[in-house]
There are 2 protein chains.
Amino acid sequence: MQMLNKKVGSQTVKLANPPKIIATYSIVGPKEGQGPLREYFDEILNDDTLGKESFEKAESQMMFTAISETLKIAKLKETDIDYLFSGDLLNQIISSSFAAREFSIPFFGLYGACSTMSESLSLASIIMDGGFANYVVATTSSHFSSAERQFRFPLEYGSQRQQSSQWTVTGSGAVILGHEGEFPEITHVTTGKVKDFGQKDANNMGAAMAPAAVDTIVSHFKDTGRTPSYYDIIATGDLGVIGKELANKLIEELGYDIRKQHIDCGEIIFDNEKQNTLSGGSGCGCSAVVFSGYLYKRLMKKEIKKILLVSTGALMSTTSSLQGETIPGIAHAVAIEMK
Amino acid sequence: MQMLNKKVGSQTVKLANPPKIIATYSIVGPKEGQGPLREYFDEILNDDTLGKESFEKAESQMMFTAISETLKIAKLKETDIDYLFSGDLLNQIISSSFAAREFSIPFFGLYGACSTMSESLSLASIIMDGGFANYVVATTSSHFSSAERQFRFPLEYGSQRQQSSQWTVTGSGAVILGHEGEFPEITHVTTGKVKDFGQKDANNMGAAMAPAAVDTIVSHFKDTGRTPSYYDIIATGDLGVIGKELANKLIEELGYDIRKQHIDCGEIIFDNEKQNTLSGGSGCGCSAVVFSGYLYKRLMKKEIKKILLVSTGALMSTTSSLQGETIPGIAHAVAIEMK
């Protein structure tokens, strides 16, 4: 019998052989390319259809591009990759499955809504650390127009947005984990539980996800004995302006103040006032491109050295909302350090 | 740097400390309870709504029941469980997320269509073998009426079915992995690649999934050096009568004859002629309940000792089909042995 040797506290594992993030690629739409982080993205599209006949196909093509380009950066072939972990927002994760179809790589499909980037990094890290793989790709995507059509209304309806509404990011981020080189390492994985505080308003996802983010961050602190000051940046996924403030208040009630370290990928990806994005960005692609672009490049330059990435997801569907259900949230955290 | 030590061939890992399947539970609907495997299921529902106001809520309740009852059988509390792996067919896997909401267990959401049972067992086995967990739950579900409404037509439309059509199983199976006791062990995990042979007919999912099943089974043989006769049973997920025959022919062309060992969970769960289920059962719940009920109980009695479980999934959505896309398939295999 093998003894359990990597668990730290109730929800966290400490990786004995921290996998290294040897390459990333971020591709975004035109609107994201006009935002404050534009200089950090690897590719900015002029045409968010990528010449495809549907937004769904465009989203899948974006993910295909992100995976292909990351392979080039890492100087690897697809046959070098042991596993591909991916998920997205579309029904039956078609963006991921159709992108995976183009590669001859064993594929694990995930669904964690907008928590998928840190979910895929968590499982990829665990499979690397366990000695099951030399190289793993973790990726996700979202597309404003495919998400609007599926979750709200087709764009042509010109639906009104509320102050708490968020703008789904058009983008895909891909990450390759390996064992060697001077790269940021994933040291801890804190896996989230589903949290539901009874929020029903599908126009205020930030409020629905905030309790999950808080629960995972606090569990991470308790499990590791760390305090907020250990990190240079604690980056939540897409709580947005309103959800971020709520999370800060909730976490304060639990005895932690993360305001100095806390950024939210959804808040910073757009200039929310000028770009009319209200409470900020959202979507699986949001924390994916902010991590793969902005945060990774700052880690590589050693401008920052220790971050906690906490992608956050709202686990509802149009059907569950129509049936009067509340919106459960989840958040997964990965601790990343550049030596 | 940790050396890669568990990979066998290109798609398979051999588990150094094979996790044991210490408990399972299978719950099925009334129609499944009238089928040939009725004596093997732990619970047969009289009312497939479970008293809930929607089929979606009923499906989630079924999964909740399967998880709760498996915990009881294993004499474990939810706080003993390190991770829950789950997915289902519904958009944004609401059956799984809403069931997970009821438990305080770190949750990884998956989407592998009807391959989800072996996908969840694969990841659960890897996380156990890597020393990250003492106990893990792997589960999935499907419901005939929630699947019909989402993928085809609401039941009230009385839509015609074709000879190649399959009947989505109403059921949920849950499995708990642990490290101790005399139980069947998961020894190898062969992870599937997405395969697409250009099939477009959403009424013939078996044909869409057969190439993926064949690819994974043949990779498993090549990676392990095994031949079909190593196994007492090779159980594909839900190829159905037509897909099973196609898989047998395709695999024969590749130099293997699996007819003696091959059963298909979709073919055997119903009496397809008497129960008018045409090509057989399908859905995530199909291989979940056939494994958790029929196969597990036969393993425990040592009537069979070595099986390869190969759940199969069709990775389409109604949107991808409407947009003229073909149907990619995937299959994941886990080798299970009773000493």
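Modeller: Before we start, one term: two strands pair if DSSP finds at least two bridges between them. Helices (H or I, at least four residues) and strands (E, at least two) are DSSP runs, numbered from the N terminus.

Biologist: Thanks! And what sort of model is this?

Modeller: This is a predicted model, where local features need pLDDT of at least 70 and side-chain atom pairs count only at pLDDT 80 or more, while totals for chains, interfaces and linings use all residues. Residues are numbered from 1 along each chain as its sequence is written, chains are lettered from A and ligands numbered from 1 in the order in which they are written, and side-chain values use heavy atoms, with hydrogens and water left out.

Biologist: Okay, chain B. Which strands pair with E9(B)?

Modeller: Strand E3 (residues 20-28) of chain B pairs with E9(B) in the antiparallel sense over 8 bridges. Strand E7 (residues 136-142) of chain B is also antiparallel to E9(B), over 7 bridges.

Biologist: Which residue is the bridge partner of B:Tyr25?

Modeller: That is B:Ala174 in E9(B).

Biologist: Which residues sit on each side?

Modeller: B:Gly171, B:Gly173, B:Val175 and B:Leu177 are on one side, with B:Ser172, B:Ala174, B:Ile176 and B:Gly178 on the other.

Biologist: Switching to helix H4(B): how many of its residues are buried?

Modeller: 7 of the 8 residues in H4(B), residues 144-151, are buried, so this helix is largely enclosed too. Among them are B:Phe144, B:Glu148 and B:Phe151.

Biologist: And what covers them?

Modeller: The cover includes helix H1 (55-73), E7, strand E8 (167-168) and helix H9 (318-322) of chain B.

Biologist: Now chain A. How many helices and strands does it have?

Modeller: Chain A has 9 helices and 15 strands, and 67% of its 339 residues count as buried. Its C-alpha trace spans about 55 × 50 × 40 Å along the principal axes.

Biologist: What about contacts in chain A?

Modeller: Taking a contact as heavy atoms within 4.5 Å, residues 24 or more positions apart account for 77% of the chain A contacts with a separation of 6 or more.

Key:
Buried < 20%, exposed > 50% of the residue type's maximum accessible area, 1.4 Å probe, protein only.
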